[in-house]
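Okay, thanks for coming, everyone.

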Amino acid sequence: MMDINSAEFVISNTDPALCPDDNKPEYAFIGRSNVGKSSLINMLTNKRKLAMTSSTPGKTTLINHFIIDDSWYLVDLPGYGFSQRDRKKKKQIKDVIERYIEEREQMTCLFVLIDLRHDPQAIDLEFMRYLGENGVPFCIVFTKADKLKGGEQKPKLQRYIDAIKKEWDELPPYFVTSSEKRLGRKEILNYIEEVNLSIKQSSDDIPFIQ
Ligand code: GTP
Ligand code: MG
């Protein structure tokens, strides 16, 4: 199994054009404010304070790049759909997210985080629709599984999968996680490793691309 040896903060900004330009693949985390994006990055990297977390929604407001083992990036994004924020600020954050998603060529896979406790929310389903329309590859990460009792997890998951299947011919890859209990870490890291290898393979196949 792949593990992470080093994880370092690189840069924060609002402009995708100013993000690192060394062409390494990157994996970004998105979802509603407070769903657990920053906590998941800390869990994956085994660093408690790498990405800043807060119990108050709206903590992350910038695009944050973390370099992993000098070869790929994890990217922490601001959350969407935080209703308390003023309208102007909300629009700014929406623009940052959309520009990043639509312009960032290195973005290899977007992990869309969904709180496993909640019933399917229109805002998340709409967001995934938007990704589909823009041809953005994504996975779903169900978070905070520790907040449900063992027996409650399966029906919640099934309910979500049913909602997705109504709209999509194919289910995207999905992961059930808990940053608190470190659940789903191996699965996500193995998935990233697979994708990294397939990128390397396809660039090896093309003699003109180094
Ligand atoms: P924004 O940056 O505001 O968009 O939020 P975020 O999605 O980055 O969420 P963050 O990681 O800051 O976590 C929000 C709150 O949820 C914090 O209080 C975390 O401790 C808590 N939290 C995150 N993941 C888990 C989890 O797996 N289990 C439990 N019990 N709490 C979690
Ligand atoms: Mg955050």
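Before the contacts, a word on terms: when I say polar contact, I mean a pair of N or O atoms within 3.5 Å. And keep in mind that this is a predicted model.

So, with that cut-off, take Ser 54: a backbone N or O atom there lies 3.1 Å from an oxygen atom of ligand 1, which means the pair counts as a polar contact. Val 35 also uses a backbone N or O atom, in its case 3.3 Å from an oxygen of ligand 1. Asp 146 brings in its side chain instead, with a polar atom 2.7 Å from a nitrogen atom of the ligand. How much of ligand 1 does the protein cover? On its own the ligand has 660 Å² of accessible area, and the protein covers 88% of that.

Now the surroundings. Ligand 1 sits in the largest pocket. There are 22 residues around it, and the ones that come nearest are Ser 39, Gly 58, Lys 59, Thr 60 and, again, Asp 146. What kind of shell is that? You get 13 polar residues, 7 charged and 2 nonpolar.

On to the cysteines. Searching the whole structure turns up 0 disulfides. Cys 109 is in no disulfide, and its nearest cysteine sulfur belongs to Cys 139, 3.6 Å away. Looking from the other end, Cys 139 has the sulfur of Cys 109 as its nearest, at 3.6 Å, and is in no disulfide either. Are these two buried or exposed? Cys 109 is buried, at 2% relative accessibility, and Cys 139 is buried too, at 0%.

Notes: Residues numbered from 1 in each chain as written. Chains lettered and ligands numbered in written order. Predicted model: local features only at pLDDT ≥ 70, side-chain atom pairs only at ≥ 80, totals over all residues. Heavy atoms only, no water. Near = heavy atom within 4 Å. Polar contact = N/O pair within 3.5 Å; in protein donor to acceptor, adjacent residues only side chain to side chain. Areas by Shrake-Rupley, 256 points an atom, 1.4 Å probe, with all protein chains shown as cover. 1 Å grid on protein atoms, 1.4 Å probe; cavity = no way out; pocket = protein on both sides within 12 Å on 5 of 7 lines; lining within 4 Å. Sits in = over half its atoms within 2 Å of the grid points. Nonpolar A, V, L, I, M, F, W, Y, C, P; charged D, E, K, R; others polar. Disulfide = S-S within 2.5 Å. Buried < 20%, exposed > 50% of the residue type's maximum accessible area, 1.4 Å probe, protein only.
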